[in-house]
Amino acid sequence: MTPLGRSLPQIHTPLPGPKTSALVDALARSESPAFTTRRARRAEQSGAPQDPIVWAEAVGSNVVDADGNVFVDLSGGFGVAAVGHRHPAVVAAIQSQAERLLHALGDLHPSDVKIRLLERLAALAPQPEARVVLSLSGSDALTTAIKSAALHTGRPGVLAFEGGYHGLDHGPLAACGYSEGFRTPFAGQLNPHVRFTAYGDVEAARTAMDDTVGAILVEPIQGRGGCRVPPVGYLAALQALAEERGAVLIVDEVLTGLYRTGVPFACMDPVDPLPRPPDLLCVGKALGGGMPISACIGSLAVMASWGDPGAMAIHTGTFFGHPLGSAAALASLQVLEDEALGARALAMEARLRERLAPLTVRGRGLLLGVVPDQPVLPLVRRLLERGFLAIPAGMHAEIIQLVPPLTIDESLLDSFVDTLREVMA
Ligand SMILES: Cc1ncc(COP(=O)(O)O)c(C=O)c1O
């Protein structure tokens with residue numbers, strides 16, 4: 001029998017199974033009611049049930065729910081599990097770190113492992129003499145970048161893009177072009193100097209720039225916004241525009257970064273590279289191999305603008321650069337390189353594209369969006385019922401997003417394609 005991690009789906013109960021149902025009831029009684037309401041609303045809109053599965057175990061490309069049903073994880077846990085769930089090298093690094101040091105004093109008296117990770121990220125970074133600020137979430141890394149840009153340019157404005165997603169803490173939320181609905185309830189608390197423009201259109205960006213804008217904030221491929229790849233030369237044109245106007249370019253690689261699109265950083269992809277490294281680059285998700293850790297990587301010139309803030313750490317967090325996350329990140333970076341997972345992402349992309357034809361497929365590497373010619377939410381549910389866990393994405397939930405572990409077996413992808421064809425019929 002195929003070991004768990006590389007197993008085809010095994011669904012033994014209707015979804016949700018009895019144990020999962022009891023847990024989902026407990027969830028409805030204990031979680032913020034908004035989540036349950038959202039599921040009910042989505043079920044109404046899509047005509048398909050939206051009960052969650054409850055994860056009990058995950059390894060490699062498999063997730064096991066509370067009833068023992070085995071799923072193939074095409075969501076990669078929101079793109080986190082690039083090396084697969086619970087990679088042995090990541091688990092070993094966490095275990096050995098846990099036996100030595102669980103917590104240190106962040107930027108005051110840091111841990112040895114945090115310093116090793118900073119060095120490793122600075123060496124991987126495209127900027128010569130890069131400087132790195134660690135944090136916990138993608139949103140945190142974007143916050144660091146947006147603050148760094150404001151300090152460097154003295155301008156509070158951000159040029160952001162329709163369809164862009166950068167996390168929901170107040171800084172990045174203000175620049176969330178994915179949906180106005182995310183911003184509206186908090187509009188009074190958000191940076192009023194954010195300008196939105198159409199993704200992929202250089203002239204529109206040029207028109208939207210004004211004197212308050214100190215940063216252009218862009219995803220090299222819009223992930224949640226629908227796996228949208230901009231036209232060739234677009235990022236380079238934004239970089240030139242930023243330089244011309246004395247603004248900085250922030251590239252959000254929280255989802256694309258660390259080999260998901262075949263290369264360490266999508267913005268430096270030889271297929272369509274930036275002529276110069278970006279001023280600021282954010283990574284998260286895959287970095288910790290399952291642990292919450294993120295980083296904002298900046299050029300020395302921009303990072304030096306934090307200057308001498310009166311001997312105060314004006315940007316820090318109790319758990320930033322946490323030893324367990326740092327150890328996991330070092331292990332996960334090693335696995336990504338040792339197992340040549342960038343090359344694997346590209347090989348799997350080619351295989352999927354060939355098999356999915358003539359369906360439209362957007363994206364690059366293992367950040368792909370399949371565009372079916374029918375509503376996505378019911379399809380995603382039918383896939384789940386057959387043991388394939390994928391999530392909808394796009395501003396109108398128009399794609400099935402595929403962000404699986406880069407280690408995923410070919411046979412699982414082939415079986416997904418067959419199952420997709422069945423559920424579409
Ligand atoms: C491109 C991008 N940036 C930022 C974020 C926010 O990351 P987090 O949810 O860890 O705050 C996400 C999350 O999906 C993302 O896809």
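What follows is a walk through the ligand site, some helix pairs and a few backbone details.

## Ground rules

This is a predicted model, so to speak of local features a pLDDT of at least 70 is needed, side-chain atom pairs count only at pLDDT 80 or more, and totals for chains, interfaces and linings use all residues. Residues are numbered from 1 along each chain as its sequence is written, and side-chain values use heavy atoms, with hydrogens and water left out.

## Around the ligand

Which residues sit around the ligand? They are Ser 137, Gly 138, Ser 139, Tyr 165, His 166, Gly 167, Glu 219, Asp 252, Val 254, Leu 255 and Lys 285; to be listed, a residue needs a heavy atom within 4 Å of the ligand. Sorted by class, that shell has three nonpolar, five polar and three charged residues. Here Ala, Val, Leu, Ile, Met, Phe, Trp, Tyr, Cys and Pro are nonpolar, Asp, Glu, Lys and Arg are charged, and the others, Gly among them, are polar.

Now for some polar contacts (pairs of N or O atoms within 3.5 Å; within protein, one must be able to donate a hydrogen and the other to accept it, and residues adjacent in sequence count only if both atoms are side-chain atoms). An oxygen atom of the ligand has a backbone N or O atom of Gly 138 at 2.9 Å, and a polar backbone atom of Ser 139 is 2.8 Å from an oxygen atom of the ligand. A nitrogen atom of the ligand lies 3.3 Å from a backbone N or O atom of Tyr 165. On its own the ligand exposes 390 Å², and the protein buries 81% of that (areas by the Shrake-Rupley method with a 1.4 Å probe).

## Helices side by side

Helices here are DSSP runs (H or I, at least four residues), as are strands (E, at least two), and both are numbered from the N terminus. Axes are lines fitted to C-alpha atoms, for helices over the stretch in contact, with angles from 0 to 180 degrees between N-to-C directions. Helix α4 (residues 88-98) packs with helix α12 (residues 323-338) at about 150°, their axes 8 Å apart. That is why α4 and α12 are roughly antiparallel (over 145 degrees; under 35 counts as roughly parallel, 65 to 115 as roughly perpendicular and the rest as oblique).

The axes of α13 and helix α15 (residues 410-424) come within 10 Å and cross at roughly 25°, so α13 and α15 are roughly parallel.

Most residues other than glycine have a negative phi, and most peptide bonds are trans. The bond from Leu 15 to Pro 16 is cis, with omega near -5°, and Pro 16 lies in the segment before α1 (18-30). Another cis bond runs from Ala 357 to Pro 358, with omega near 10°; Pro 358 is in the loop between α13 (341-356) and β11 (360-364).

Tyr 259 has a positive phi, near 80°, and is found in the loop between β8 (248-252) and β9 (280-283).
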